[in-house]
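Reader: Hi! I've got a fold to look at this morning. Could you walk me through it?

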Number of protein chains: 2
Amino acid sequence: MKRLVSYIFIAFSMIQCVEDKNANHQKDVEQIQQLAKDFSSYVNSSNYEMIGASYTKDAKIFPQRGKIISGRTAIVKYWTLPEGFQTKNHKITPSEITVVEDTAYDYGHYEGTTVKADGEESSWKGKYIIVWKRVDGKWKMYLDIWNSI
Amino acid sequence: MKRLVSYIFIAFSMIQCVEDKNANHQKDVEQIQQLAKDFSSYVNSSNYEMIGASYTKDAKIFPQRGKIISGRTAIVKYWTLPEGFQTKNHKITPSEITVVEDTAYDYGHYEGTTVKADGEESSWKGKYIIVWKRVDGKWKMYLDIWNSI
C-alpha cells in the first residue's frame, strides 16, 4: 500500500512537472515577444549597448550579401549606423515562437525605415529566423538571419 | 534501507537516461549531416520527390527576394527548375548542428552551380539556418532560410 502511494505521488509529480513546463513555455513565449519589441526600440533609438546585450556573447548574425558575423563586438559594429543616419519604425512581427528546453526558434517578418543624413528615407521589409538561448535565466538571440521580400 | 536502495536506483536510472540522450544526440547529428548530403544529391539530380520528402509537410522556406513559401507542394514547385536547366556541385557545409529533444538547429554554408539550357553556368554561395524536426523518428527540415555571400 505504502509503495502504491509512493508510485501515485511520483506519477502526479511528473504530470505537475509537464504542466509547469507548458505554463513556463507560455511565459517564455511572452518574454520573447517582449524582447522583440524591446529590440526594435533599441534599433529605433540607436541604443547600441542594449542591441549588443540582446545577443549571446557568442551570437552569430547572417546579414544579406556578407559573411557570418560572430560575437557581440562585431555584431554591434554591424548595427552601428553612419553619422547622421537613423532607423525609424523598426518592427518585428513573429509568426511562431516555439520553446524547447533552453532553446527557442522564432520566425516571422520585420520592417523599418532608414533616414539618411540628408533626410532621404528608404523603407525595407523581410522575413527572419532567430534561434534564442536562455542564458542565466534570460533569453538572448544566438542566431539571427534574415532576407528581404 | 530498502528506500535508500530505491533512491539510488532512481538516481542511476536518471544518469543513464542523460547518458543515453547524449549518445543519441551524436547519432542524430550524424543523421542530419547525412541528410544534408542526401539533399544536395537530390538537388543535383533534380529528384523533386525526394526534395519534397526532405521537408516536413508543414515546412516553410524563406527564399531571397520573395515571400515565405509553406507546405511541400509549394516548396517542390519553388525548387523545380525550368526545362533544360540543371544544378550541379550543390554542397552544404554545416558549422554547427545542435539537437534539443525532437528539434535541431543547424547553420553553415551552401554553394552550387546552375547550368542553363544554353550551357551557361552561374555559381552561387551563401549561408543558411535550418530548423529540423523529428517526425515519426525521421529528421525533416521544418524551417529553411538562406542568403547569399
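Predicted model: local features only at pLDDT ≥ 70, side-chain atom pairs only at ≥ 80, totals over all residues.

Reader: Thanks! And in what sense do strands β5 and β6 of chain A pair, and over how many bridges?

Author: They're antiparallel, with 10 bridges between β5 (residues 121–135) and β6 (residues 138–148) of chain A.

Reader: What's the order of the strands in the sheet of chain A?

Author: Reading across, the order is β2-β1-β6-β5-β4-β3 in chain A. These 6 strands make an open sheet with mixed pairing.

Reader: Which strands stand at the edges, and why is one side of each left without a neighbour?

Author: Those are β2 (69–70) and β3 (86–100) of chain A. Each has a single partner strand, so one of its sides has no neighbour in the sheet.

Reader: Which strands does helix α3 of chain A touch?

Author: Helix α3 (residues 72–79) packs on the sheet and touches β1 (55–62) and β2 of chain A. Its direction is at about 50 degrees to that of β1(A).

Reader: Switching topic: how many residues of chain B are in contact with chain A?

Author: 20 residues of chain B, and they contact 20 residues of chain A. On the chain B side, β6(B) gives the most, with 4 residues.

Reader: How do the residues on that side of chain B divide?

Author: There are 10 nonpolar, 5 polar and 5 charged.

Reader: Last one: what are the scores of the model?

Author: The ipTM is 0.88 and the pTM 0.89. For chain A, the mean pLDDT is 92, with 85% of its residues at 70 or more.

Conventions: Residues numbered from 1 in each chain as written. Chains lettered and ligands numbered in written order. Pairing = 2+ DSSP bridges. Helix = DSSP H or I, 4+ residues; strand = E, 2+ residues; numbered from the N terminus. Contact = placed C-beta atoms within 7 Å. Axes fitted to C-alpha atoms, helices over the stretch in contact; angles between N-to-C directions. pLDDT = per-residue confidence, 0-100. Nonpolar A, V, L, I, M, F, W, Y, C, P; charged D, E, K, R; others polar.
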